Amino acid sequence: MAKIAGAPISWGVCEVPGWGNVLPSDTVLGEMHSLGLTATELGPPDYLPADPEQLKTLLSSHGLSLVGGFLAVTLHTDVQSTLDEAGRVAAILQAGGAEVLVLAAATGLDGYDETPKLSDDEWNTLVGTCAKIREIAARHGLRTVLHPHVGTHVEREAEVERFLADSDLQLCLDTGHLLIGGTDPVELARRYPDRIGHVHLKDVRGEIAAKVRSGELSYTDAVEQGIYVPLGDGDVDVEALVKSVHQAGYTGWFVLEQDTQLKDGSPEDKPVKDTARSLAHLSKIL
């Protein structure tokens with residue numbers, strides 16, 4: 001049986017300041033449970049309680065367990081503060097019974113619309129910091145994966161390949177962010193089956209993704225224009241991807257993610273409806 005989880009970002013809950021309206025955690029977790037999901041990722045810092053007992057009580061009240069959590073931090077600079085934050089988040093994840101720390105190489109800027117180029121020394125620091133965070137996470141019983149992500153220092157295909165060559169950390173294979181960055185997620189999974197440690201399933205509209213890659217459109221504007229769509233409605237070959245990782249022996253989680261912004265006037269039932277459609281599509285594949 002495949003393990004399928006949800007994520008608060010599908011309900012518009014994001015770490016970016018000013019991203020959009022944030023729904024109450026009881027609403028988000030309750031709607032996940034209503035879809036039959038039994039697990040979630042943590043969401044942005046302090047969206048769910050940091051206190052272990054409060055976190056466990058909230059999750060259990062909605063019949064959910066904790067899979068892991070996304071941590072976007074600067075890996076190329078401010079290393080000690082990054083390690084301190086990684087330790088704090090790892091402790092929360094451990095207390096919640098999570099399995100994986102999902103790391104992203106943040107630029108240090110707000111949002112995901114600009115990515116300054118790193119020097120070789122900064123890149124080497126990034127790789128070394130990943131290794132240190134893996135050690136911290138391991139002490140809390142967690143695996144660490146690196147999430148190629150739009151607007152971070154591991155975004156484009158060349159950066160993904162360079163990271164795979166320079167680090168032995170596994171990846172979070174995020175089908176949407178990889179495609180937006182110019183990497184075919186299906187081909188990546190076929191070429192590096194042993195480097196896939198976690199999977200975020202998204203679908204995206206290819207024509208909008210191309211505008212983000214070319215710089216014609218910012219990532220934030222692309223999300224607002226609907227770059228993310230329910231599984232099966234976009235240009236990611238979700239079926240081929242799922243079959244490929246299954247055949248390669250992947251036994252981890254498939255996390256349903258559809259980066260969403262909720263603005264004033266947005267239908268508040270759109271997240272649960274879109275996630276239901278994605279879940280139905282994935283269920284057919286499985």
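**Exercise 1.** State how much space lies in the largest cavity of this predicted model, and characterise its lining.

*Solution.* The largest cavity holds about 220 Å³ of space. Finally, sorting the lining by class gives eleven nonpolar, five polar and six charged residues.

**Exercise 2.** Describe the second largest cavity and identify the element that supplies the largest share of its lining.

*Solution.* The space in the second largest cavity is about 90 Å³. Its lining comprises 13 residues, with Leu42, Pro44, Pro45, Asp46 and Ile92 nearest the centre. Both β3 and α3 supply at least two lining residues each; the largest share, three residues, comes from α3. By class, ten are nonpolar, one is polar and two are charged.

**Exercise 3.** Determine which strand gives the most to the lining of the largest pocket.

*Solution.* The largest pocket contains about 280 Å³ of space. Of its 20 lining residues, Glu15, Ala72, Ala106, Leu109 and Tyr112 lie nearest the centre. Strand β3 (residues 65-74) gives the most, with five residues. The lining divides into eleven nonpolar, six polar and three charged residues.

**Exercise 4.** Classify the packing of helix α3 against helix α4.

*Solution.* Helix α3 (residues 79-95) packs with helix α4 (residues 120-139) at an angle of about 30 degrees, the axes being 9 Å apart. Angles under 35 degrees count as roughly parallel; therefore α3 is roughly parallel to α4. The crossing of α3 past α4 is right-handed.

Technical notes: Residues numbered from 1 in each chain as written. Predicted model: local features only at pLDDT ≥ 70, side-chain atom pairs only at ≥ 80, totals over all residues. Heavy atoms only, no water. 1 Å grid on protein atoms, 1.4 Å probe; cavity = no way out; pocket = protein on both sides within 12 Å on 5 of 7 lines; lining within 4 Å. Points joined across faces, edges and corners; volume = space filled by probe spheres on them. Helix = DSSP H or I, 4+ residues; strand = E, 2+ residues; numbered from the N terminus. Nonpolar A, V, L, I, M, F, W, Y, C, P; charged D, E, K, R; others polar. Axes fitted to C-alpha atoms, helices over the stretch in contact; angles between N-to-C directions. Parallel < 35°, antiparallel > 145°, perpendicular 65-115°, else oblique. Left-handed = near helix turned anticlockwise from the far one by under 90°.
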